[in-house]
Amino acid sequence: MLHLLYKSSYVFMLFYYAIIPLGYLTKWWVTIEKMKGNSTILVTGGAGYVGSHTVVELLNNNYTVIAVDNLVNCYSSGNEKPEALKRVEKITGETVTFYDIDIRDKEALDKVFKTHKIDAVIHFAALKSVGESVQIPLTYYQNNIGGSSTLFEVMANNGVKKLVFSSSATVYGDPQFLPITELHPTGQGCTNPYGKTKYFVEEILKDLCTSDQEWKVVLLRYFNPVGAHESGLIGEDPSGIPNNLMPYIAQVAVGRREKLQVFGADYPTVDGTGVRDYIHITDLAIGHLKALERMFSPCFKSWKAYNLGTGRGYSVLEMVKAFAKASGKPINHEIVGRRGGDIAECYADATLAKIDLDWVATRDIEAMCRDTWNWQKKNPKGFHSS
Ligand SMILES: NC(=O)c1ccc[n+]([C@@H]2O[C@H](COP(=O)([O-])OP(=O)(O)OC[C@H]3O[C@@H](n4cnc5c(N)ncnc54)[C@H](O)[C@@H]3O)[C@@H](O)[C@H]2O)c1
């Protein structure tokens with residue numbers, strides 16, 4: 001009798017410790033694989049820099065993509081698809097369904113949700129110039145916060161409650177410690193309206209998750225996206241004077257701008273110039289797919305934030321040197337005084353993304369410079385040259 005009891009307890013233990021977890025694992029795996037192949041993802045701001053590169057990765061991984069963009073910061077030659085998306089189709093051999101819609105237009109957005117069976121949303125659409133946001137804060141609040149809350153409302157009304165949000169390291173403000181982990185306080189040092197819109201939208205999403213447990217949200221806090229698709233067909237195409245370092249350097253190299261101004265060489269950094277964590281755009285795009293997979297797994301609940309960076313900082317002068325090497329062009333530059341609001345150093349601790357998302361940035365500074373240069377020299381005037 002005792003013998004039988006022993007035996008049955010072994011069967012129970014086997015069932016409890018091996019078969020049940022195995023069953024769960026299989027279920028998760030099947031769900032994720034099913035979502036990967038058959039999901040339809042709505043991508044807001046899909047014709048922009050990060051959006052278009054992410055759409056390439058989504059299409060290459062068998063997702064169906066519906067892109068929405070109001071063309072406020074991307075080039076379109078008329079009433080056709082934006083040039084970036086035409087080129088995405090060329091790279092992938094797949095079709096992107098596109099709607100020229102402002103995310104603040106509730107009715108138009110609702111129609112898209114009624115027309116397609118959407119499984120999740122990746123939300124890029126936003127205005128992103130820090131300087132401009134100081135000049136016209138209301139436009140930024142209206143577009144980035146108003147647009148986001150309209151999107152979330154339409155999603156909820158249509159029963160779509162899975163979202164990956166483009167946030168930014170700017171929510172951390174002036175770093176209190178380095179490298180920055182996701183536990184670093186947010187919102188405290190956001191000094192400009194753009195950064196505040198990212199912080200506020202994160203907070204709105206957290207509240208949404210508290211109010212309704214069906215919501216699943218991944219907040220991706222990007223560090224400094226640079227580079228271009230290796231084909232040289234798509235890349236960053238800033239209108240007017242570039243706000244970011246890499247496109248500025250690239251435009252100096254290609255002869256569109258005379259010289260780069262380096263703001264401050266007296267910071268307590270390796271060579272006195274500001275240090276940032278640059279991340280290749282393709283690595284960043286892949287991070288969105290990993291976030292989707294994580295979100296689709298049945299064990300994912302509520303919201304979670306992840307840093308997407310390399311964990312390694314480079315100074316402005318190191319970037320200038322690396323770009324000159326990649327392009328074979330001297331980068332004319334001059335050191336000027338510090339710019340108000342700039343910080344000395346900022347780089348990520350991306351360990352959480354590695355553990356949870358199985359994501360690491362694999363492309364180094366050489367690849368970042370080589371791919372930017374490839375895009376820039378093939379498209380000296382960005383998408384306008386086509
Ligand atoms: N590029 C960066 O350095 C960086 C860093 C951190 C976070 N982000 C965030 O990532 C997202 C994408 O950035 P990006 O560099 O691709 O910018 P981008 O300007 O190239 O792309 C944004 C796209 O959104 C569209 N858009 C803006 N407002 C819209 C609206 N109301 N309705 C519909 N479409 C609208 C624009 O036309 C544009 O095509 C943004 O939310 C940005 O704040 C970018």
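**Terms and their grounds**

Author: Of the 386 residues of the chain, 51% count as buried. The model is a predicted one. Its secondary structure comprises 12 helices and 14 strands. The chain exposes about 18100 Å², of which carbon and sulfur atoms supply 54%.

Reader: What makes Cys74 count as buried?

Author: The relative accessibility of Cys74 is 16%. Buried means under 20%, so Cys74 counts as buried.

Reader: Is Cys369 buried or exposed?

Author: The relative accessible area of Cys369 is 0%. The limit for a buried residue is under 20%; therefore Cys369 is buried.

Reader: How many disulfides are there?

Author: The count comes to 0 disulfides. The rule asks for a pair of cysteine sulfur atoms within 2.5 Å. In general, a disulfide is a covalent bond between the sulfur atoms of two cysteines.

Reader: Why is Gly48 called buried, and where is its place?

Author: Gly48 has a relative accessible area of 18%. Because buried means under 20%, Gly48 is buried. Its place is in the loop between strand 1 (40-44) and helix 2. The C-alpha atoms of Gly48 and Phe124 are separated by 8.1 Å, although these residues are 76 apart along the chain.

Reader: Which residues have the most contacts inside the largest nonpolar core?

Author: They are Ile41, Leu58 and Leu292, in a core of 44 residues. The largest share of this core, 7 residues, comes from helix 9 (residues 281-296). Apart from this core lies another, of 27 residues, including Leu109, Val121, Phe152 and Cys209. Leaving aside neighbours within four places in sequence, Leu292 is in contact with Ile41, Leu58, Tyr63, Ala120, Ile122 and Val164.

Reader: What is the length of helix 6, and against which elements do its buried residues pack?

Author: Helix 6 (residues 137-157) has 21 residues and reaches 29 Å from its first C-alpha to its last, close to the 30 Å expected. Its buried residues include Tyr140, Ile145, Leu151 and Met155. The elements they pack against are strand 1, helix 4 (106-115), strand 4 (120-123), helix 5 (130-135), strand 5 (162-168) and helix 7 (193-211). Just after helix 6, Gly159 takes a positive phi of about 70°.

Reader: What makes strand 12 and strand 14 edge strands?

Author: Three strands form an open sheet in the order 12-9-14, with mixed pairing. Strand 12 (314-315) and strand 14 (345-346) are the edge strands, since each pairs on one side only.

Reader: How many bridges join strand 9 to strand 12?

Author: There are 2 bridges between strand 9 (residues 275-276) and strand 12, and the two strands run antiparallel. Pairing requires at least two bridges. Arg276 stands opposite Tyr314 in strand 12.

Methods:
Residues are numbered from 1 along each chain as its sequence is written. This is a predicted model: local features need pLDDT of at least 70, side-chain atom pairs count only at pLDDT 80 or more; totals for chains, interfaces and linings use all residues. Side-chain values use heavy atoms; hydrogens and water are left out. Helices (H or I, at least four residues) and strands (E, at least two) are DSSP runs, numbered from the N terminus. Buried means under 20% relative accessible area, exposed over 50%, partly exposed in between (1.4 Å probe, protein chains only). Accessible areas come from the Shrake-Rupley method with a 1.4 Å probe; for residues, only the protein chains shown count as cover. A nonpolar core is a set of buried Ala, Val, Leu, Ile, Met, Phe, Trp, Tyr and Cys residues joined through side-chain atoms within 4.5 Å. Contact means heavy atoms within 4.5 Å. The expected span of a helix is 1.5 Å times one less than its number of residues.
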